[in-house]
Each structure stands twice: as C-alpha cells, then as structure tokens.
Amino acid sequence: MMKSIFPVSRTKLFSLSTTPLKPFKVSVKPPPPDFDYRREIAEESRAAIADSHPELLDLADNGSLVLVQKKRFGPVPSWRTEFVEPEFIWLIGTTHVSKDSAMEVERVVRALRPDNVVVELCRSRAGIMYVSADEELGKQMRSNMFSLSGTGFFGAVGRSINLGGQTALALRLLLAAFSSKISSDINRPFGDEFRAARKASEEVGAQIVLGDRPIEITLQRAWKAMKWIEKLSLVLTIFRGITSSSNISVNKLKEASSDDDKFQLYEQLSFSYPSLLLPLIHERDTYLAWSLKRSKAVNNSKRVVGVIGKGHMNGVIYALLCDTENLRFRDLVGKDWYGGGGSGGWIGGLVKSLVRDTIIAIFLWALYEFIIGGT
C-alpha cells in the first residue's frame, strides 16, 4: 500500500471523540471488519459471467468486474412493493486516473448493452463526463471530482452554498485545487472512466444515472463530523499538498493502478481522520447501492452497470446484499435538504447570509484560480 499524503491517524477507528452528526432516522450499517466481497460473492459472480459473457472473464479474474444477481439482494421494503428491482447489477471498479479503467468501462457497456449506467457522480460533478479529449490538457486537468461545473460559476456556487453552506464550498474548492495538482503532477486527467461511460452509453442507448450523493451534503457532513483541531490539520495538509513540488513518479502511478490508494482522496481522508469514515465512505456506499437497485431510474430494469471507484466495491456490495430494509434516500441526505426543513426559517437564514456567502465564494474562487494558475 502506498503512503498516504495525509497524516496517519493513530487513534482506533471508533474511539475518536467527534462532534455528533445529526442522526439519521435509520442508522447506516458499515460492513463488518471481516466482510470481503471477493470471499462472499466472487466465485458465484465469476461462474455467472462465464456462463453469460465469457468475453469479460478477464475482468472478473482481475477483480474489476463483479455481477450481483437479484436473488442475492436484501428484501424490498414494504413501502416499495410496486418497485421492481433490476435483475442484474454489474459493478466495474475503477481507478480515476487510469486509461485501462476507461477501456474496461467501454468494453463492459458495449458488451452488456444495459438499460442504465450508474456513475459515481452527482449533478454538481456531472460536467466531468463532458470534458472533451480534444480540449487542451490544462482544462482537462482542472476538471476533477471536486470541481465546480455544470451550471456556470455563479450557479455552481449558489448550489454549493444552498446544499452545503460556505464551509462545504470552501472545502470543495481546496480539494478541487488539490486534485488538479495531483492530476498535473502525473500528467493525467481525472475521470476518463466517466467520459467513457457516457460515450458508450450513448452508443448503446443506455440511460446515464447520477448515482452519488450530492457532494455538497457529503462535505458538509464531513466538516461537522470533525473536531476543530482536525479541521485545522486537514486545511493545512491540503495547502501543503497544493504548494509542494511533485514527487509522484510514473512508476508510482503504475503501482497505484492496482489499488488506487494514492488517488482516492475520500479513502485517504477517512484513513487519516477516522471521524470522516461514516460521511465520506459508508453513507455514500449505501447511497450508491440504493441508486443501483432502488432509484426510480432503475425500476423494472433488467441490466444495470455501476461505474464506481475500487475503494467503494466492498461497501456497495455489502449494502446490496445486506439490506437495511427501512432506509430511504432522504435518510442519507438529511431531512432539511430532502424535504425543505422548516416553516420558512431557512429563507430568513438564506437572506441573512447571502452577502457573507457571496463574498466568501468570490474570495475562494479567486484563491482557487490563483492556486491552479500556479500548478
């Protein structure tokens, strides 16, 4: 395993005292420490792939492709009795800076011709799928998993503030700059697999589904989960990463293609700050699993392909197999965002903070452009 660029936590995973997150109505259950999807389902998955699509067996053998059949799903909740879950969910584990992952995604989508392709993106990050390979490399480098895109600058800033507040926006801009720095260091853009998924889906007539929780909500919950000393440490570490000289070699990039640890920032953050494990990993794993088997987009589908980072494979498969029957999407995004959250108090709060948030947003965008311009 490659050394993390973030500080390594010496605290036991569940013993760290943190600011309590607003509880969900139903708790998210992470995989038990001994759960390993390869031991749980790999043999059954390989046999099914060999029977239906033997041309994809090499991807099953290298661990990139897993087939989860409907018979292995957890129970359909009573309140969704009219919902028909997909017959087959095919998961492709990817490395976000790997050309091989992009080619694997294209192969799978073209071979399976699925009804839906669920990608590990939300609306705010969907723009990464539409960065053309013909565009200048610098623009490709700036498009990453945290960058503001899709609705123009002010639209993106407004959405980030409305969903996550100014602290989530600040953290997002810093992580966007940091991701661009890494991309520049290795001379590879992020997200080729998502562009490949969009292209192949258009070719076969599959619907693209944005399967990840809004990044604004994820970062807001992550920020609230941290103690102030952790917040300070995180910001300082990111700034050091942005301003440091490149030390990522081509050989390290090749090594990372096997486990993705160096380039999965969410996983690194959670490893360094255990209080982030729930909002950054476990909640998102469950959200992705629900998008794959329980969202309106996949209702009554036969084949669904999921394009997710390798670091999410274990948690997503666990959520598919070991269902929390009463958990709903709104439990994973929070009542305030999903249903409105009050009788008008949020309007007053929004108006009151509008000037402050606008000033902060403009300042942070200027900082972001300054940092990116120097990388």
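**Exercise 1.** How many aromatic pairs does the structure hold?

*Solution.* The model is a predicted one. The structure holds two aromatic pairs. A pair of rings is described by the distance of the centres and the angle of the planes.

**Exercise 2.** Determine the geometry of the pair formed by Phe-35 and Tyr-318, and state where its two members lie in the chain.

*Solution.* Step one: the centres are 5.0 Å apart, and the planes stand at 70° to each other. Step two: planes over 60 degrees apart count as edge-to-face, and the pair of Phe-35 and Tyr-318 is edge-to-face. Step three: Phe-35 belongs to the segment before helix H1 (37–52), whereas Tyr-318 belongs to helix H12 (residues 313–321). The pair thus links distant parts of the chain, 283 residues apart.

**Exercise 3.** Are Phe-35 and Tyr-318 buried or exposed?

*Solution.* Buried means under 20% relative accessible area. Phe-35 has 11% relative accessibility, so Phe-35 counts as buried. Tyr-318 has 12%, so Tyr-318 counts as buried.

**Exercise 4.** Classify the pair of Trp-223 and Trp-228, and describe the exposure of each residue.

*Solution.* The ring centres of Trp-223 and Trp-228 are 6.5 Å apart; because the planes are at 90°, the pair is edge-to-face. With a relative accessible area of 15%, Trp-223 is buried. Trp-228, at 65% relative accessibility, counts as exposed.

Definitions and conventions:
Residues numbered from 1 in each chain as written. Predicted model: local features only at pLDDT ≥ 70, side-chain atom pairs only at ≥ 80, totals over all residues. Heavy atoms only, no water. Phe/Tyr/Trp six-rings, centres within 6.5 Å; stacked < 30°, edge-to-face > 60°. Helix = DSSP H or I, 4+ residues; strand = E, 2+ residues; numbered from the N terminus. Buried < 20%, exposed > 50% of the residue type's maximum accessible area, 1.4 Å probe, protein only.
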